[in-house]
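Please read them alongside the sequence and the coordinates.

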Amino acid sequence: MTKVVYVTFFDQLTDKDIIMPFLAKTTKVIGFSSRVIIKYKYSSHKEAYVYEIKEEENLSYPYIDEIVDDFPLLEDKKEDIEKTADYYFCSVYKILERLLPFPKKEEEYRKVFYVPCSPTPLNKINKREYELLELIRREKKIPKDDFSKSATINSLLEKKYIKEIYDDEKAPSFSSFYASDNDNEKLVQEILDSEEKNILVETDNNLKEFRFAIDIAKETLKRNKSILIISPNISLANPFIEFLNMNFKDNLVILSSNKGKERIAALKRINNESNIVIYGDKYAVFAPIKDLGLILVFQEENYLYKDEKLFLNYKDIALKSNYKTVLFSKCPKLMTKAKQLKGYLKGYSFKAQNLVQYKLIQKEDDVIPVELLYRISECLKNKEQVLIFHNSRGTSPFYKCDKCSKFAICPSCGNTLTYYEDDNRLSCLSCGYHIEASEYYCSSCGGKEFSKSGIGTMGIQKYLEEKFKNAKISRLDADSYKDKDYHMDLSAFATGDNDIIVGTKELKENYLLPKVKLIIVMDIDWIFKSSSYNIEENYYEILNSLLNSARLDTSAYIITSDPTFLPLNIIAQQDYQKFYEYTLNKRRMIMAPPYYYLIALRLFARDKNFLLNVSDKVYSFFEGKFKGRKVFLIGPYNVKFFKKQRGYKSLIMIKYRKREDIEDVIKAFLNMRLPKGIGLEIDVDPEGE
Ligand SMILES: [Zn+2]
Ligand SMILES: [Zn+2]
């Protein structure tokens with residue numbers, strides 16, 4: 001049977017998403033979201049998605065080359081996806097590309113390691129085999145890539161002295177921390193019985209939150225429904241996955257975006273099964289669950305619910321869906337709390353005790369003040385762990401000219417260069433430029449003598465290694481994990497692999513760090529100079545997450561140059577009510593959410609003057625259209641060099657109260673043709689800026 005199938009795909013030539021009719025001759029079930037391969041102009045293998053099927057007489061269209069799926073995986077989600085595309089001014093194609101990726105070849109690659117078997121078998125081994133076995137035992141595990149088809153390895157494998165494991169199988173066990181309790185039963189029933197569409201549950205400690213989520217899931221299954229639990233991103237190393245496995249086994253589906261193939265397999269299961277627990281990343285909001293009873297959103301406060309490319313906010317999509325949605329939050333976003341106080345969300349509190357406060361401690365000449373060095377040594381003596389949070393990477397974030405005192409600057413983007421002592425290199429952390437430090441000359445005066453200025457995570461690690469010679473110190477930042485799954489390093493630390501961890505914001509994952517007794521936050525005074533409207537909120541959340549991962553009797557410190565500074569004190573006290581009032585007041589003054597909604601329009605061009613010219617014209621266009629409406633325009637501002645490929649960036653911010661005041665104007669703007677060479681991003685409800 002031949003059908004006329006409208007498919008949607010991305011056309012590189014016009015830089016637009018297109019919908020075009022094709023013909024399909026197939027016995028497979030096809031419908032919205034079916035993945036297909038077509039031929040189109042320049043491309044003989046184009047990935048596309050079915051948008052709709054029509055009854056038409058005209059049969060002169062080209063045929064679809066291949067239909068990938070046996071049945072459409074997200075057919076029932078068409079309406080939700082269209083609604084979302086409309087709200088964020090983005091295309092259905094772009095969303096489908098996120099949700100149903102075509103697997104890439106390299107995605108199937110998993111790193112394999114050799115590890116010793118236990119118990120040790122009794123087979124005889126020769127001297128060579130013995131030496132190799134000892135090496136693997138010492139190292140605990142060795143990547144398979146390190147050996148090229150060694151006969152010794154093969155015989156050790158055969159004799160079962162060693163085995164192969166995948167990288168994602170080494171997650172240490174947290175099962176001893178899990179104990180079921182029935183304290184939550186009343187609250188679980190109340191939440192599930194509630195008629196409210198959206199609910200905010202304020203929680204505190206991570207472990208309690210995990211147990212509570214499992215209790216809600218059990219009760220949902222008992223009521224013959226499925227439950228979807230989402231985190232911004234998930235890692236198989238997260239203890240919550242282990243707890244879910246202990247409780248639900250065959251009823252559990254993990255929906256993670258890490259590997260395209262596994263995601264598609266999980267979606268197939270979800271299409272075919274009922275009465276299940278689905279644990280997924282943020283994209284799982286669109287999972288096609290037939291008997292969905294409840295969406296549970298972990299870490300409501302996490303800014304990573306925002307898509308970094310499409311700018312969708314998946315938490316907000318859950319709230320706007322037709323399903324009952326429960327947000328778990330340890331420090332609600334201001335927007336969420338304001339909505340709850342106004343009655344748009346029903347609120348429950350699950351907080352048992354107040355968290356400890358961060359003590360503010362005066363910065364000294366040395367990297368870490370004497371008092372804290374003493375606390376660290378106490379922890380090490382008692383076999384307790386120390387966590388140090390710092391926001392800069394490398395040895396030193398600045399490299400200063402001795403002659404003219406100017407900082408070393410990236411010649412390609414203008415940002416300051418970070419110094420790395422291990423390979424005597426200067427690197428630009430925003431564009432990737434790097435140069436041997438000995439080859440760098442001051443761009444202002446030509447000077448050749450430089451001094452390190454400030455300290456980064458790598459510098460702190462080295463400093464601590466000198467101070468505490470016997471301590472095992474690890475580091476977690478984008479340099480230490482590169483493209484590996486950093487959750488593995490975090491769980492290795494969590495289960496006691498090292499004494500001290502120094503790291504950037506990756507440390508704040510929703511995690512269990514039961515051995516951490518001391519938290520030190522390095523200088524964060526700079527955040528109060530940032531122009532981003534929600535920087536305090538983000539840092540309040542980071543500090544809160546660190547406390548919630550650790551033990552209840554943890555001591556926590558912030559090093560600052562001014563311990564009396566009021567805004568810093570408010571963040572340090574971790575008193576949510578105080579923080580909420582203080583920040584809300586500031587938001588009112590700067591006309592930021594929740595008082596005004598924001599849309600950020602970002603324009604890009606290679607030439608600065610050209611960009612300024614176009615930005616002014618765009619600004620005037622909006623100014624004219626918004627006349628007489630309660631809409632405010634700011635910009636164009638923030639004009640600066642952005643990235644080598646895209647050149648300069650400018651920003652126009654639209655502030656509004658009612659969606660109908662801006663919708664027609666923005667749609668009209670998007671239908672206009674921008675001058676060639678101008679790139680555009682439209683970000684509805686931006687985070688930061
Ligand atoms: Zn100089
Ligand atoms: Zn750069």
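1. Is Lys160 buried or exposed? The model is a predicted one, and in it Lys160 has a relative accessible area of 57%, so this residue counts as exposed. Lys160 sits in the loop between α4 (151–158) and β8 (162–166). Its phi is positive, about 65°, although Lys160 is not a glycine.

2. Met591 also has a positive phi, near 55°, and is a residue other than glycine. Met591 belongs to the loop between α17 and β27. With a relative accessible area of 25%, Met591 is partly exposed.

3. Pro594 lies in that loop as well, between α17 and β27. The peptide bond joining Pro593 and Pro594 is cis, with omega about 5°. A cis peptide bond also joins Gly635 and Pro636, where omega is about -10°. Pro636 is placed in strand β28 (residues 631–643).

4. Which residues hold the zinc ion (ligand 1)? The SG atoms of Cys401, Cys404, Cys442 and Cys445 coordinate the ion at 2.3 to 2.4 Å. Along the sequence these donor residues follow the spacing C-x2-C-x37-C-x2-C. Cys401, in strand β18 (residues 398–401), and Cys442, in the loop between β21 (434–436) and β22 (450–453), are 41 residues apart, and the pair links distant parts of the chain.

5. Why is the zinc ion (ligand 1) arrangement called tetrahedral? The 4 donor atoms subtend angles of 103 to 114°, and four donors count as tetrahedral if all angles lie between 85 and 135 degrees. Two of the donor residues can be described further. Cys401 counts as buried because its relative accessibility is 2%, and Cys442 counts as buried at 7%.

6. The second largest pocket holds about 900 Å³ of space. Its lining has 32 residues, and the closest to its centre are Met335, Thr336, Lys339, Pro594 and Tyr597. Elements giving two or more residues to this lining are α9 (314–320), α10 (334–341), α17 (576–589) and β27 (597–605). The largest share, 6 residues, comes from α10. By class, the lining of this pocket has 17 nonpolar, 4 polar and 11 charged residues.

7. How many cavities of 30 Å³ or more does the structure hold? There are 3. The second largest cavity has about 60 Å³ of space. Residues lining this cavity include Glu301, Cys331, Lys333, Glu537, Tyr540 and Phe579. Both α15 (535–549) and α17 give two or more residues to the lining, and α15 gives the most, with 4 residues. The lining of the second largest cavity divides into 5 nonpolar, 1 polar and 4 charged residues.

8. Ser377 belongs to helix α11 (residues 370–381). Its relative accessible area is 24%, so Ser377 is partly exposed. The C-alpha atoms of Ser377 and Phe468 are separated by 7.8 Å, and the two residues are 91 residues apart along the chain.

Notes: Residues are numbered from 1 along each chain as its sequence is written. Chains are lettered from A and ligands numbered from 1 in the order in which they are written. This is a predicted model: local features need pLDDT of at least 70, side-chain atom pairs count only at pLDDT 80 or more; totals for chains, interfaces and linings use all residues. Side-chain values use heavy atoms; hydrogens and water are left out. Donors are N, O and S atoms within 2.8 Å of the metal (3.2 Å for Na, K and Ca); water is not among the atoms, so sites may look incomplete. Four donors count as tetrahedral if all angles lie between 85 and 135 degrees; four count as square planar and six as octahedral if opposite donors are over 155 degrees apart and all others between 65 and 115; anything else is irregular. Buried means under 20% relative accessible area, exposed over 50%, partly exposed in between (1.4 Å probe, protein chains only). On a 1 Å grid over the protein atoms alone, a cavity is a set of points where a 1.4 Å probe fits but cannot get out, and a pocket is an open set with protein on both sides within 12 Å along at least five of seven lines; lining residues have an atom within 4 Å of a point. Grid points are joined across faces, edges and corners, and a volume is the space filled by probe spheres set on the points. Ala, Val, Leu, Ile, Met, Phe, Trp, Tyr, Cys and Pro count as nonpolar, Asp, Glu, Lys and Arg as charged, and the others, Gly among them, as polar.
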